[in-house]
Amino acid sequence: MVFRSDRTRSDRTRPDRNQADEQGIQERVVKISRVAKVVQGGRRLSFNAVVVVGDGEGHVGIGMGKANAVPDAVRKGGVNARKNMIAVALKDSTIPHEIVSRFGASEVMLKPASPGTGVIAGGSVRAVVELAGIKDITTKARFSTNPVNTVKAAFQGLQMLKDPEREFARRRQLAEAPPPRRSSRGRRNRGG
């Protein structure tokens with residue numbers, strides 16, 4: 001005779017993938033695609049997953065995972081995204097300046113917005129921007145809207161953002177102390 005376990009159904013269910021883990025990092029799956037490789041015996045199916053992770057406080061990462069089952073692909077994508085996390089320069093609830101970023105045939109424009117505007121973005125760019133902790137932004141995806149390239153273009157754009165105050169301080173420091181000149185002593189003329 002077979003007895004059912006004493007565990008309740010809630011003990012066996014897995015947590016939702018879009019919820020935060022113990023470090024406060026959220027994970028969002030942007031795209032899952034099925035890939036069929038034709039081999040001698042027929043088709044071999046595998047899955048690709050594009051995953052975005054972020055803490056909502058200025059840190060975001062993207063990753064791709066490939067496996068024979070969807071959960072494994074999502075897990076691998078999440079691990080890769082955590083390895084590739086970057087810090088984003090924020091100004092209050094928006095970004096410090098406008099930027100246009102290209103990846104492949106996709107182009108993404110990120111533009112700061114006034115408080116209360118919200119996130120105006122498509123699905124794949126929205127995932128990157130929201131998990132980075134940006135509350136007010138206007139975006140536009142141009143040319144190719146392939147989710148993989150669009151996510152990478154948005155990520156690259158956030159990576160290129162600079163904090164104006166830090167940049168001014170760096171430039172001021174360079175102007176005050178120019179780099180030392182290299183001496184020409186010891187060089188040989190290698191002309192013909």
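Tutor: Let us begin with a definition: a polar contact is a pair of N or O atoms within 3.5 Å; within protein, one must be able to donate a hydrogen and the other to accept it, and residues adjacent in sequence count only if both atoms are side-chain atoms. This is a predicted model, in which local features need pLDDT of at least 70 and side-chain atom pairs count only at pLDDT 80 or more, while totals for chains, interfaces and linings use all residues. Residues are numbered from 1 along each chain as its sequence is written, and side-chain values use heavy atoms, with hydrogens and water left out.

Student: What makes the pair formed by the backbone nitrogen of Gly157 and the side chain of Ser101 a polar contact?

Tutor: A distance of 3.4 Å separates the backbone nitrogen of Gly157 from a polar atom of the Ser101 side chain. The limit is 3.5 Å, so the pair lies within it.

Student: Why is Ser101 called buried?

Tutor: Buried means under 20% relative accessible area, exposed over 50%, and partly exposed in between (1.4 Å probe, protein chains only). Ser101 has a relative accessible area of 2%, and therefore it is buried. Of the 192 residues of the protein chain, 32% count as buried.

Student: Which residues are in contact with Ser101, leaving aside its neighbours within four places in sequence?

Tutor: Contact means heavy atoms within 4.5 Å. On that basis, Ser101 touches Ser106, Glu107, Val108, Ala153, Gln156, Gly157 and Met160.

Student: In which strand does Ser101 lie?

Tutor: Ser101 belongs to strand β5, residues 99-103. Helices (H or I, at least four residues) and strands (E, at least two) are DSSP runs, numbered from the N terminus. The protein chain has 5 helices and 8 strands.

Student: How do you know that α3 is largely enclosed by the rest of the structure?

Tutor: Because 7 of the 10 residues of α3 are buried, the helix is largely enclosed. The buried residues are Ser124, Val125, Ala127, Val128, Val129, Leu131 and Ala132. After α3 comes Gly133, with a positive phi near 95°.

Student: What makes a set of residues a nonpolar core?

Tutor: Its members are buried Ala, Val, Leu, Ile, Met, Phe, Trp, Tyr and Cys residues joined through side-chain atoms within 4.5 Å. The largest such core has 28 residues, and those with the most contacts inside it are Val52, Val60, Leu110, Val128 and Leu158. Elements giving two or more residues to this core include β6 (106-112), α3 (123-132) and α4 (147-160).
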